[in-house]
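Reader: I would like to learn how to read a fold from its atoms, one feature at a time. Could we begin with how a helix sits in its surroundings?

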Amino acid sequence: MSDAGASRADVLYTNARLATLDGGGGGGGGDGYGIDEDGAVAVRGGRIAWVGPRAEAPPAQRVHDCGGLWLTPGLVDCHTHIVYAGNRSDEWEARLNGATYEDIARAGGGIMSTVRATRAASEDDLLAASLPRIRALLAEGVTTLEIKSGYGLDLASEAKMLRVARRVGALLPVDVCTTFLGAHALPPEYAGRADDYIDMLCGEMLPALAAQGLVDAVDAFCERIGFSHDQTARVFDVARRLGLPVKLHAEQLSDQGGAALVARHGGLSADHLEWLSPEGVAAMAQAGTVAVLLPGAYYFLRETRMPPLAQLRAAGVPLAVATDCNPGTSPMTSLLLALNMACTLWRLTPLEALRGVTVNAARALGRADAGSLAPGQRADFALWDIARPADLAYAIGANPCRGVVNAGVWRDRLS
């Protein structure tokens, strides 16, 4: 895995046990993880210049001894709603007492509860509320993070959320990908006028936010309590005209044909997928759309219908895993816990789970230069005090992260 142009690196991270996750479902070592038991990574200009056995490492201006720790790509949380205000533990308690998610939403709770709190919060207050949640993820080796809007549902509030997301990327050592989710729920001022809201979103809100440079991708909630297939298609058409990639909350509560719709638009990902049909699987496979699995929401809502993993595997659809951190259905700030849930609840292998938060999660964000250890990739990686890579999905509540490198720069684990 050497780069002939790498003569002298800025820094060499050496004496590490590498899991490169580089190369298909296999990897450099043929084990799927791409293991090198005595490896090194050379960094130049914030990118990986060389990866390979320590004995063959190029010279470097500085050397960092990793002490025999495992070194993996930095983790990627590719689906979060982590910027929000307010608290919805009351709704969780109501569900435990028999109310359904749809009951709560139709009574004015659910997403709209968070919309009211987020609209009322100042930008600084919203940032302050969100930073502790984000720091918890970074402490577990996350180096790339998707942050969705969708709790504003008007131009000013959606812009506020997206500006906060950009500020997170400026304040903390993490690469932030912003996703506009204006088609998340119908705001109260448009009650009974969903088409009018989509007209405004497509004609005013999305173009304005894109022009401000606040949007990296566009998402929607295609569901009975969200937006219809046709309304979602209108949003996607505008997004594509603006040159923005799309993704979709699809088939979480019912089969609305959302996965096939986002695949037809060349979508990066379809997320949730508990009600995914064979037709949806085939469309995703043909388009190369990633399946983002969200075990936190499945667990928190006490769902019983699993995504069709056997069919997704058979069709060769890439599998990603994310926290879905949000206040109503997955208040989870641990990507390592999501790995464990994906393996325990859905029988993903530890290798599938780890690829799901590295290689495939980066693909779900359109980040081709993240998610593996290979020359040319961003020098984002994490160091772990573990016996083997499977330990990252094994221990419940453990955090073996001992340090993180962002763009080639070492930092101790955030606490």
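Author: Gladly, and a definition comes first: a residue is buried under 20% relative accessible area, exposed over 50%, and partly exposed in between, using a 1.4 Å probe and protein chains only. Helices (H or I, at least four residues) and strands (E, at least two) are DSSP runs, numbered from the N terminus. This is a predicted model, in which local features need pLDDT of at least 70 and side-chain atom pairs count only at pLDDT 80 or more, while totals for chains, interfaces and linings use all residues. Residues are numbered from 1 along each chain as its sequence is written, and side-chain values use heavy atoms, with hydrogens and water left out.

Reader: Which residues of helix 9 are buried, and which are exposed?

Author: In helix 9, residues 278-287, the buried ones are Gly280, Val281, Ala283 and Met284. These four lie on the same side of helix 9 because they cover an arc of only 165° around the axis, the arc being that of the directions from the helix axis to the C-beta atoms. Pro278, Glu279 and Gln286, on the other side, are exposed.

Reader: What covers the buried residues of helix 9?

Author: Contact here means heavy atoms within 4.5 Å. The cover includes helix 8 (258-264), strand 11 (269-272), strand 12 (290-293) and helix 11 (309-315). Just after helix 9, Gly288 has a positive phi of about 75°. Gly288 is also touched by Arg363, as are Leu268, Val290 and Pro318, not counting residues up to four places away in sequence. Arg363 belongs to helix 14 (residues 359-364) and is partly exposed, at a relative accessible area of 42%.

Reader: Now the sheet, please. In what order do the eight strands come?

Author: In general, strands of a sheet pair through backbone hydrogen bonds, either parallel or antiparallel. Two strands count as paired if DSSP finds at least two bridges between them. Here eight strands form an open sheet in the order 6-7-8-9-10-11-12-13, with parallel pairing. Strand 6 (75-77) and strand 13 (319-321) are at the edges with a single partner strand each, so one side of each has no neighbour in the sheet. On average, neighbouring strands are turned by 25° against each other, direction ignored.

Reader: Which helices pack on this sheet, and at what angle to strand 8?

Author: For such angles, axes are lines fitted to C-alpha atoms, for helices over the stretch in contact, and the values run from 0 to 180 degrees between N-to-C directions. Helix 5 (residues 155-171) packs on the sheet, touching strand 7 (142-148) and strand 8 (175-183), and makes about 170° with strand 8. Helix 6 (residues 194-211) lies across strand 8 and strand 9, at about 155° to strand 8.

Reader: How should I read the nonpolar core?

Author: In soluble globular proteins, nonpolar side chains tend to be buried together. A nonpolar core is a set of buried Ala, Val, Leu, Ile, Met, Phe, Trp, Tyr and Cys residues joined through side-chain atoms within 4.5 Å. The largest one has 103 residues, and Ile147, Val168, Phe180, Tyr197, Val218 and Trp384 touch the most other members. Leaving aside neighbours within four places in sequence, the contacts of Val218 include Phe180, Leu206 and Val246.
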